[in-house]
Amino acid sequence: MSFIYGLQSVTRNCIFFRFNLLTNWRKCNTLAVTSLDCHQIQINRIVNKYQGLGVNQCDTLTSLPGTFHFCRTFNSKSTECLSCVKSKEIWMTTQKCTAWNDTFSRQQLTKEIGVVPALSVLRPLIRLPVRDTRCFHTSPRCQAAPVPLLLVILKPVQKLLAIIIGRGIRKWWYALPPNKKELFKESVRKNKWKLFLGLSSFGFLFVVFYFTHLEVSPITGRRKLLLLGKEHFSLLSELEYEVWMEEFKNDMLTEKDARYLAAKEVFSHLIECNKDIPEISEISWVVHVVDSPDINAFVLPNGQVFIFTGLLNSVTDIHQLAFLLGHEIAHAVLGHAVEKASFVHLLDFLGLIFLTMIWAVCPRDSLALLGQWIQSKLQEYMFDRPYSRTLEAEADKVGLQFAAKACVDVRASSVFWQQMKFADVLTDHPKLPEWLSTHPSHGNRAEHLDRLIPQALKIRETCNCPPLSGPDPREVFRLTVKHFLEESEKEDLNITVKKQKVDTLPIQNQKQIPLTYIVEKRTDS
């Protein structure tokens, strides 16, 4: 799952791409467009009326059958810049479209506002007379950059500030004369209970803050920390989606490709069988298949699914593919991206305190840099990566349940990870310890799934799925591997025997000298 770790790096790549757009949102004003034969469109009342019905403000004005869009353009000091001159088409709009609530249909909205004159689609937009009416103000809806983006931008600044403060404290302490140092120590000893009370109050507030930001997952029932709302990640998801689409634009399979159709059919079957879960039915899922040898797939929080052809070539049947896609769906449904970002920001906040202490205590900058590096590695390997492995294990569990409800042979789930483990052994792939990885090892994942399969089989029975036929794929894989190893040993033994025969052949030829040659040599002598 690439989204959790690629979020911050992708956001940094998008900052300069979208920064002007984010800062210019506050500068936008709305223009009401009137046709040549109709009166001015009064939309202020309509917008206020339908804002409470699930219609979000949009950023473009279009006249299409069955839809109604509003227009927002960047403000200009003179309205003459939107003149009817054909050679100066500078109509600038943003790219967002109107978002509609599931409980409110487009037809009802069109019926309600039928008094609005429809603009002709065939007429060029620049030929319409434009007047700056300023009918309604949308600046409260267009806020600055979202919280996650600000945190990503300010993260290096926070670390730099902690380093400056810690280094300043150290220089201040070394610059004090000995008598003032003794006075300071004496003051600390006299006010130690006040200091203890202050630190205790800070710790109490931190604990209260932590427990007031815990939420219970409706699917797993696990309590998780959420410092950031899911709505804050909507823009980041869109930004990351644009980055991935730009990167894979030349590798996307067409919708007529057989591999795309197969992946989409399996994914749609999973969604259809689990649509009773609100977290799944609320998301608009879109499947993209990338022609790449990477064995990977990931789902963005906004429902954009990216599947690599390397993964399609690695699975042996649709049952394994269904489990892996269920695993990725579980990441999006459980909100693991938001949860991981919240956990990382909490660690970063605590890390700033330790970072300040390191730079204040270490006598030299070189030792402070070493301490900072050790602190970052301890934070990564003791808290960050274990938490990622926990989220992966949870996604395996929930994804297996999604696959079971879709009547998939869940026994094939552990076989995939056994295959991956066996492939690593055959290719002599370097095996890293699990505590160094963000994912559980292949063997541990297979064992974990084997323990979950009996429960998944019960879920499968409750969903009135047909009984499983044929042998257990786990047993089939075990026998196949055993037969393969036996054949390999036989081939290795035959190769070894042939090699020994080839090596001893010159020695035997030297000993097998004809007897007549020896007699002739003796006679000549």
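Among contacts in the protein between residues at least 6 apart in sequence, what percentage join residues at least 24 apart? The share is 75%, where a contact means heavy atoms within 4.5 Å.

This is a predicted model, in which local features need pLDDT of at least 70 and side-chain atom pairs count only at pLDDT 80 or more, while totals for chains, interfaces and linings use all residues. Residues are numbered from 1 along each chain as its sequence is written, and side-chain values use heavy atoms, with hydrogens and water left out.

View 1. Helices (H or I, at least four residues) and strands (E, at least two) are DSSP runs, numbered from the N terminus. Of the 525 residues, 38% are buried, that is, under 20% relative accessible area with a 1.4 Å probe and protein chains only; over 50% is exposed, and in between is partly exposed.

**View 2. Stretches to read with care.** The mean pLDDT (the predictor's confidence in each residue, from 0 to 100) is 74, and 65% of residues reach 70 or more. Over residues 10–145 pLDDT stays under 50, as it does over residues 504–523. Where pLDDT is low, the predicted coordinates should not be read in detail.

**View 3. The aromatic pair of Phe248 and Phe308.** Rings of Phe, Tyr and Trp (its six-membered ring) pair if their centres lie within 6.5 Å; planes under 30 degrees apart count as stacked, over 60 as edge-to-face and the rest as tilted. The whole structure holds 17 aromatic pairs. Phe248 sits in the loop between helix 7 (233–247) and helix 8 (258–273) and Phe308 in strand 9 (residues 304–308), so the pair ties together parts 60 residues apart in sequence. Phe248 is buried at 8% relative accessibility, and Phe308 is buried at 4%. Both belong to a cluster of ring pairs that also includes Tyr241, Trp244, Phe298 and Phe306.

**View 4. The aromatic pair of Phe267 and Trp285.** This pair is edge-to-face too, with 5.7 Å centre to centre and 65° between the planes. Phe267 lies in helix 8 and Trp285 in the loop between helix 9 (278–281) and strand 7 (286–290), so the pair links parts 18 residues apart in sequence. Phe267 is buried, with a relative accessible area of 2%, and Trp285 is buried at 16%.
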